[in-house]
Amino acid sequence: MHPAHSLYSKTLLHKFKAIVILFFILLPLWHLWHRPHHLFQEPPLWAGVGSIGLLLLLIIVGKGPSPWAWAWWGLGLLSLLWSLAPGHTVVASLWEVWLLLALAAGRWRLGVLVLLSLLLLDGLYTALALWQAGLVSYVSGSHHYLLGALALGALPLFLAQVARGEGFRVAGFLLLVLSLYAALISGARAVYLPLLILLPLAYWRLAREGRAKSAAFLLLWAFLGVGLLEVLVPGNAILNALAFKATLTQQEALAPQEGAEEAPRIGNVEARLLMARLAFRIALEHPLGTGNGSYSQVFEAYMDYSGLPGVWSRSPHNYLLETLATGGWMRLGLLLILLWPAVKGFFGRDWPWALGTFGLWAPMLFDVSGYYPGYLALAFLLLGTLSPASSPRWLGLLGVLLASLLALGWYWPCQGTACAQRHLFFPSYTTQALAQASLEERHWLLQEAQRHYPLSPWPLTVALPHAPTPEARLELARELALRFPYARESFYVLWAHAALEAKKVEETRKALDLGLRHFPSSSQLREIRDHLDRGQGPFLEPPGQRRSPKGP
């Protein structure tokens with residue numbers, strides 16, 4: 001065989017192997033998208049181990065993540081040394097292997113485009129089925145919200161493909177129309193605002209390529225296509241979503257403020273600003289961060305505003321601020337370095353991929369989508385289409401070895417006190433160990449849980465049922481409410497009940513007064529106080545109606 005033919009065959013075979021491997025990596029990403037996991041929940045075994053195996057495959061064929069990606073992941077794992085929620089730091093590091101995998105797999109642009117198309121079609125089918133069944137929910141993190149954010153990532157890609165005449169123009173145009181339709185039926189301001197920025201930017205870039213007229217006609221036809229869908233689909237999904245958000249925005253603007261007779265409420269923008277202030281406060285007190293993945297376990301200790309509806313959240317509704325609070329200023333800097341290729345790409349021919357990346361990342365600045373591993377993986381997948389070259393193979397193998405040891409330590413079977421200790425007193429393992437522990441072991445477990453999670457209320461809530469005397473329960477309940485004064489009204493309910501059980505009526509009134517000062521709209525606290533004022537004795541909620549505090 002001629003040497004040139006032999007070289008060509010080897011190159012073709014190498015590319016074929018890489019495409020096959022990447023194809024089998026995108027399939028798990030499809031599966032992950034459809035699973036409603038959170039970053040603060042333990043990954044199932046298939047997710048924790050499978051991502052490491054797939055990442056190893058990519059590294060072997062020379063398609064691993066960049067050195068900056070490994071530095072970002074490694075610093076998150078290193079924060080385990082000072083984490084205020086160490087079990088959650090390990091969990092977040094296991095989930096983030098999927099993000100490394102997505103960054104590496106993103107180099108196969110055709111595969112990314114196909115995956116986006118399939119997810120869009122599947123998501124639209126589900127959204128319309130929910131719409132026809134009357135099960136639409138326009139809330140943060142809902143199916144419509146995530147679908148709209150996904151559409152933002154796909155829209156500039158299909159727009160550029162059709163405008164440039166790069167092939168499959170009819171299919172590209174139909175997907176463009178469906179992307180625009182999916183964004184408009186989302187009912188999400190976190191989608192509408194980026195859409196208003198994304199479309200003019202895409203038009204400007206096409207105009208710079210000399211396609212201003214064709215781009216204008218294309219967008220006109222796309223909106224006409226969306227209007228046709230709105231007419232054909234029963235129920236006017238777009239008008240309903242827009243009307244709902246307009247009404248909600250008006251209600252927020254007219255909501256009673258503090259000092260009014262009604263309990264004060266807070267609008268969406270104000271709530272986001274309070275959450276941002278809280279994240280900055282954490283970052284200023286902990287420049288290295290509180291530990292990767294720890295936000296859900298530390299934020300209640302920093303809440304310093306009255307208990308208004310809509311401000312309690314395990315997420316700051318901003319992925320960059322969450323990274324700042326938990327990973328510190330250095331890890332935020334590394335994340336911005338990872339995002340830099342998207343900024344540069346916007347000013348070159350790759351601008352559709354840069355805008356698609358912007359489309360998927362922008363909602364994470366206003367919404368909780370950054371807490372869903374499936375959504376995060378997709379956002380990093382598009383970012384991977386613009387990522388720099390792979391890291392040296394030895395670095396990738398070292399990173400995989402570290403991740404493998406982490407997974408081995410986490411998933412190796414265990415039970416009892418030793419299991420809680422090995423999992424760094426992660427809530428679920430600590431609770432299981434408490435159920436099996438002796439009295440002496442239980443006392444040690446509770447002490448260690450509070451030591452490993454010093455800014456989280458869950459060790460105290462778990463300790464309450466195990467308190468040996470009413471006085472001990474009262475001490476724990478009092479500490480819970482005073483250490484986390486603005487976290488949850490249920491802490492004051494627990495304090496009031498514990499004081500009643502210890503026959504300390506004056507302390508009960510103190511707990512109720514302080515609780516109502518922080519949570520003026522609490523009907524439960526008022527109900528208990530009314531029973532006391534009427535002299536009906538110790539008040540306990542009727543069976544089946546007692547409200548326990550939210551779990552860890």
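**Figure 1. K503 is exposed in a predicted model, at 72% relative accessibility.** The model shown in this and the following views is predicted. Exposed here means over 50% relative accessible area, and K503 is therefore placed in that class by its value of 72%. K503 lies in the loop between α22 (489-501) and α23 (505-518). Its phi is positive, about 60°, although K503 is not a glycine.

**Figure 2. N236 sits in the loop between α9 (212-232) and α10 (237-253).** Phi of N236 is near 55°, a positive value in a residue other than glycine. The relative accessibility of N236 is 35%, so this residue counts as partly exposed. The partly exposed class lies between the buried limit of 20% and the exposed limit of 50%.

**Figure 3. S93 is a buried residue of helix α4.** Helix α4 spans residues 86-105 and contains S93. The relative accessible area of S93 is 0%; buried means under 20%, and S93 is therefore buried. Leaving out residues up to four places away in sequence, S93 touches W73, G76, L77, N292 and L406.

**Figure 4. Helices α5 and α6 pack at an angle of about 140°.** Helix α5 covers residues 109-132 and helix α6 residues 143-164, and their axes are 9 Å apart. Angles over 145 degrees would count as roughly antiparallel and those from 65 to 115 as roughly perpendicular; α5 and α6 are therefore oblique to each other. The crossing in which α5 passes α6 is left-handed.

**Figure 5. Residues of α5 meet residues of α6.** On the α5 side, the contact comprises L113, L116, S117, L119, L120, G123, L124, T126, A127 and L130. On the α6 side are H143, H144, L147, L150, A151, G153, A154, L157, F158 and Q161. By class, the residues of this contact are 13 nonpolar and seven polar, with no charged residue.

**Figure 6. The chain that holds these sites has 24 helices and zero strands.** This view sets the close-ups in context. The chain has 552 residues, and buried residues make up 53% of them. Among contacts in the chain with a separation of 6 or more, 73% are accounted for by residues 24 or more positions apart.

Definitions and conventions
Residues are numbered from 1 along each chain as its sequence is written. This is a predicted model: local features need pLDDT of at least 70, side-chain atom pairs count only at pLDDT 80 or more; totals for chains, interfaces and linings use all residues. Side-chain values use heavy atoms; hydrogens and water are left out. Axes are lines fitted to C-alpha atoms, for helices over the stretch in contact, and angles run from 0 to 180 degrees between N-to-C directions. Helices (H or I, at least four residues) and strands (E, at least two) are DSSP runs, numbered from the N terminus. Angles under 35 degrees count as roughly parallel, over 145 as roughly antiparallel, 65 to 115 as roughly perpendicular and the rest as oblique. A crossing is left-handed if the near helix is turned anticlockwise from the far one by less than a right angle, and right-handed if clockwise. Contact means heavy atoms within 4.5 Å. Ala, Val, Leu, Ile, Met, Phe, Trp, Tyr, Cys and Pro count as nonpolar, Asp, Glu, Lys and Arg as charged, and the others, Gly among them, as polar. Buried means under 20% relative accessible area, exposed over 50%, partly exposed in between (1.4 Å probe, protein chains only).
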